Amino acid sequence: MPENKVEFELVSPEKLLVSKDTDMVVVPGEEGDFGVLPRHAPMISTVRPGVISIYEGKTVAERIFIAGGVAEVTPTRCTVLAEQAQPVSEIDPAAARQSLQDAKEDLADAKTDGERKAAERQIAVSNAMIQATA
Amino acid sequence: MASLKDLRNRISSVKSTQKITSAMKMVAAAKLRRAQEQAEASRPYAERMDRMLGSLAASVAGKAGAPALLAGSGKDDVHLIIVGTADRGLCGGFNSSIAREGRRQITALQAAGKTVKVLCVGRKGRDQLRRDFADVIIDTVEDIAKPALKFDSAHEISERVIAMFEAGEIDVCTIVYAEFKSVISQIVTTQQLIPFVASAKADDDATAGAGDEKLVYDYEPEEEKILADLLPRNLAVQIFKALLENNASEQGARMSAMDSATRNAGDMINNLNRVYNRTRQAVITNELIEIISAKEAM
């Protein structure tokens, strides 16, 4: 692997989605976005719903939306485990708004704590999705 | 002796059975390939999850306030056993061997005075366990691999398990499934899900990773919070992995069962054909003798 690259991997439970060498990756961490450059200090962080930006040189080469997950950073590698991921260009804003609407209705109808939590999560995901396309 | 017509009928019925079993073998082979690919594709996620959890678990080990999913509820009175089988039969000893292992564990735990609850995944396991343990089966999940095995279904199961655990209904959770070794060998495996046990492989990875110096991670937010987030995910992943293995094993078992059924049918057809020809010749000889002796008597 080249010296000054970060090996970025995006993995879902069903398959390895992305695996490539990049110059920088910006990950939406639970406590704020963080950029990963080569020789980053090792760390593990949870990831909130949002957009991962992959940089080639100084420009964003790819933007991928993920619905939360975990990121592991080592000096040479950045691995993101996510349940749901899709390129931002493939998000349908209308569908995202629709799912936000549905989730809000679900929240109003929720009877148990579990249902409420699931609906709140869905709202957060949909909101992040709409923001990503804006 | 069977008449010629009877023999003809038997031969044609065995032939159509053979056609069915060989078709099932082909289908199983195609499905097996897909199941194997799926199992392979899911491996990177599980491996990385293992690695992270291994280092996290090591760093909170011994500290107070570790999440209950890791530390356990402090009791081991109520056991939940998830018995993963197939929805369909005709796959050799696959379902029976898993159900047998499940039965053995239930009996052993009950003998030790524990309460046992069983969650069946797959109709066949439920059918076999229902006879003896109808009262401990709490539910059955059916048609999980239809049309294809999805992570979401594993996630649903894990959420139910976690809900039960948090409500204090269960203390320990294990899953019984068949690990896929090869088409002819599937190994019935029992894996403990709650409390979390770092797999032996994760330890290996940790030592292997020591080659590029042992990494000390920063955690953001703190370990406990990440663990609280990661452990439920890991549970879903482990269940998903077990179901994938099971799926591949089922197809493998079915493939070899159908292969030997096809071969048996072939042998049977050969034997029946031999009997058929011999009988046919005997009939002809008989007719000739009758004609000749009638002629001689004239």
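I looked up the domains first: chain B is divided into domain 1 (4-23 + 259-297) and domain 2 (29-256). The model is a predicted one. I read off 52 Å between the C-alpha centres of domain 1 and domain 2 of chain B.

Next I went to the sheet in chain B. I found an open sheet of five strands with mixed pairing, in the order S3-S2-S1-S4-S5. Strand S3 (137-141) and strand S5 (185-194) of chain B are at the edges with a single partner strand each, so one side of each has no neighbour in the sheet. From one strand to the next, the twist averages 20 degrees.

I then checked one pair in that sheet. Strand S4 (residues 172-182) of chain B and S5(B) run antiparallel and are joined by nine bridges. I noted Gln186(B) in S5(B) as the bridge partner of Phe180(B).

I also looked at what lies across the sheet strands. Helix H3 (residues 94-111) of chain B lies across S1, S2, S4 and S5 of chain B, and runs at about 175 degrees to S1(B).

Last, I turned to the contact between the chains. Chain A and chain B each put 22 residues into the contact. On chain A, strands S5 (43-56), S6 (59-74) and S7 (77-82) each supply at least two residues of the side touching chain B. S5(A) gives the most, with four residues. I sorted that side of chain A into nine nonpolar, seven polar and six charged residues.

S5(A) also pairs with strand S6 (residues 218-220) of chain B, in the parallel sense, over three bridges. There I found Ser45(A) opposite Glu220(B) in S6(B).

Note on methods
Residues numbered from 1 in each chain as written. Chains lettered and ligands numbered in written order. Predicted model: local features only at pLDDT ≥ 70, side-chain atom pairs only at ≥ 80, totals over all residues. Contact = placed C-beta atoms within 7 Å. Nonpolar A, V, L, I, M, F, W, Y, C, P; charged D, E, K, R; others polar. Pairing = 2+ DSSP bridges. Domains from an automatic or database assignment. Axes fitted to C-alpha atoms, helices over the stretch in contact; angles between N-to-C directions.
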